[in-house]
Amino acid sequence: MDARFDLEMPESCEEALTLLAQDGAVPLAGGTDLIVDLRARRREPRLLVSLDRVAELRGIAAKNGRIEIGGRTTVTDLVRSPAIATAAPSLVQAGMAFAGQMVRNAATVAGNIASGSPAADLVPPLLSLDADVTLISTRGERTMPLAAFFIDYRKNAGQSDELIRTISWQRPPERAVNAFYKLARRKGDAITVTGVAVTVAIEGGRCTRARIALGAVAPTILRAQQAEAMLEGKALTPALIEAAAHEAAGQSRPIDDIRASAEYRRHMVKVLTRRLVSQAAERLG
Ligand SMILES: Cc1cc2nc3c(=O)[nH]c(=O)nc-3n(C[C@H](O)[C@H](O)[C@H](O)COP(=O)(O)OP(=O)(O)OC[C@H]3O[C@@H](n4cnc5c(N)ncnc54)[C@H](O)[C@@H]3O)c2cc1C
C-alpha cells in the first residue's frame, strides 16, 4: 500500500479535534474497516488522525444507572466488562460473535457505528438499549439518539470534523431482558446475515417496554417500531408475539446477496424476533 497520507498521533481530544478540523483529515481507530478501505482505494484521506493515544476516549463508566462508553472502547473491552455484562447482555453477545479475537482487540465501538455498515453488530444492541451518541468538535458538543444518527446506506449525521466521544444509555429496568442473536454462515469471522436485538420489560403481567432492532436487512440498521408498539401495554401471548414478529419482518427491506436471499433474511427476522421475545416473556414470567 503506497502511503499517500500523513499520520498524526495526538494524545488528547483537544489536539485530535484541531487536527480533524483540517480538510481531508479522517479519524483512525482500530483500522479494521478504514485500513481495508485505504488498501482498496475506496477512500483517499490527506491526513489520518490516530486515536490510539487518546486515553480519554476509551473506557466504560456506570453512574446513577447510566452507562457511558468511550468511542475508542474496543469490542474486547466490552466483552470483559462486568458492568456491560449486567447492563447490556446483548452487547456481550454481539462482542462474542464479532470477527475473531485479533479483530476484537482492535475494533472499536465508534468505528463500528461510523462505518455505517448495515451489518455492524454492535448497533442493533445499542438501538435496543435506546442509546444516545455524543459528538464533539472544535465547535462544541451535541448529543442525539443513536437511531437518528443513521441517515441512509453508509451515510450518517456526523460531520467530517466530529468525533464520536461517547455512547450512553439508561440501564434497563430490573424486570427486563436484553438479548441479541447474530445469524451468520459460521460462528466466527462471518458477516451477519440477519441480526436481531431486543429489550423487553414486563411489569404486572404487561409489557412496559419493547425494543426490536434489526441488522443486515435494510440500508441502515433500524428499529421495528410498529412491531414494538404492538407489544407495549399488552400481555405477551404467543399469538401477539407471532403477530409482532410478522410485523417486524414486514418492516425489513433486505436484499439478495452472496450470503442469503432477501426472502430468507425476511423469514429469519420473523423467526429470531419471535424467539427472542418469547424467551424474554418466559424468563420474566
Ligand atoms: C476480518 C474482519 C472481521 C470483521 N468482523 C466483523 C463482525 O463480525 N462484525 C462487525 O460488526 N464488524 C466486523 N468487521 C468490521 C470492523 O471490524 C468493525 O466495523 C469495527 O468496529 C470498526 O472499528 P475500528 O475501530 O477498526 O474502525 P476504523 O477502521 O478505525 O474506522 C472505521 C470508520 O469509523 C471512523 N471512526 C473511527 N473512530 C471514530 C470516532 N471516534 N468518531 C468518528 N468516527 C470514527 C473512521 O474514520 C472510519 O470512517 C470486521 C472486519 C474485519 C477486517
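Good morning. Two remarks on conventions come first. Residues are numbered from 1 along each chain, as its sequence is written. The model is predicted, so local features need pLDDT of at least 70 and side-chain atom pairs count only at pLDDT 80 or more, whereas totals for chains, interfaces and linings use all residues.

Let me begin with the domains. The chain is divided into domain 1 (6–50), domain 2 (55–170) and domain 3 (176–283), with bounds that come from an automatic or database domain assignment. Between domain 1 and domain 2, the C-alpha centres are 18 Å apart. Their contact takes 13 residues from domain 1 and 16 residues from domain 2; two residues are in contact if their C-beta atoms, placed from the backbone, lie within 7 Å. On the domain 1 side, helix α1 (residues 13–20) gives the most, with 5 residues. Helices here are DSSP runs of H or I with at least four residues, strands are runs of E with at least two, and both are numbered from the N terminus. The side of domain 1 that touches domain 2 divides into 7 nonpolar, 5 polar and 1 charged. For these classes, Ala, Val, Leu, Ile, Met, Phe, Trp, Tyr, Cys and Pro count as nonpolar, Asp, Glu, Lys and Arg as charged, and the others, Gly among them, as polar.

I turn now to the ligand. Which residues come nearest to the ligand? Of the 28 residues around it, these are Ala29, Gly30, Gly111, Asn112 and Ala114. A residue is near a molecule if its C-beta atom, placed from the backbone, lies within 6 Å of it. The shell draws at least three residues from each of domain 1 and domain 2. At least two residues each are supplied by β2 (25–28), α2 (34–39), α6 (101–106), α7 and β10 (163–170), and α7 gives the most, with 5 residues. By class, the shell holds 17 nonpolar, 8 polar and 3 charged residues.

Is alanine 120 buried or exposed? Alanine 120 counts as buried because it has 25 C-beta neighbours inside 10 Å. The cut-offs are 20 or more other C-beta atoms within 10 Å for buried and 12 or fewer for exposed, with partly exposed in between and C-beta atoms placed from the backbone. Leaving aside neighbours within four places in sequence, alanine 120 is in contact with Asn112, Ile113, Ser115 and Ile221. Asn112 is also among the residues that come nearest to the ligand.

The next topic is the sheet. Four strands form an open, antiparallel sheet in the order β11-β12-β13-β14, where two strands pair if DSSP finds at least two bridges between them. The edge strands are β11 and β14 (222–223), each of which pairs on one side only. β12 and β13 then pair over 9 bridges, and β13 (residues 206–215) pairs with β14 over 2 bridges.

A row of partners can be followed across these strands. Tyrosine 181 stands opposite valine 196 in β12, the bridge partner of valine 196 in β13 is leucine 214, and leucine 214 stands opposite leucine 222 in β14. Between β12 and β13 is a hairpin with 2 residues between the strands, and glycine 204 in its turn has a positive phi of about 55°.

Why is β11 described as largely enclosed by the rest of the structure? The description holds because 8 of the 8 residues of β11 (residues 176–183) are buried. Ala176, Asn178, Phe180 and Lys182 point one way, and Val177, Ala179, Tyr181 and Leu183 the other way. In β12, 9 of the 10 residues are buried, so this strand too is largely enclosed.

Helix α5 (residues 89–96) has Ser90, Leu91, Val92, Ala94 and Gly95 buried. Its buried residues pack against several elements, including β11 and β12.

Finally, the core. In the largest nonpolar core, of 90 residues, Val200, Leu214 and Val277 touch the most other members. Such a core is a set of buried Ala, Val, Leu, Ile, Met, Phe, Trp, Tyr and Cys residues joined through C-beta atoms within 7 Å. Helix α12 (residues 262–283) contributes the largest share of this core, 7 residues. Beyond four places in sequence, leucine 214 has contacts that include Pro124, Val196, Ile221, Leu222 and Val269.
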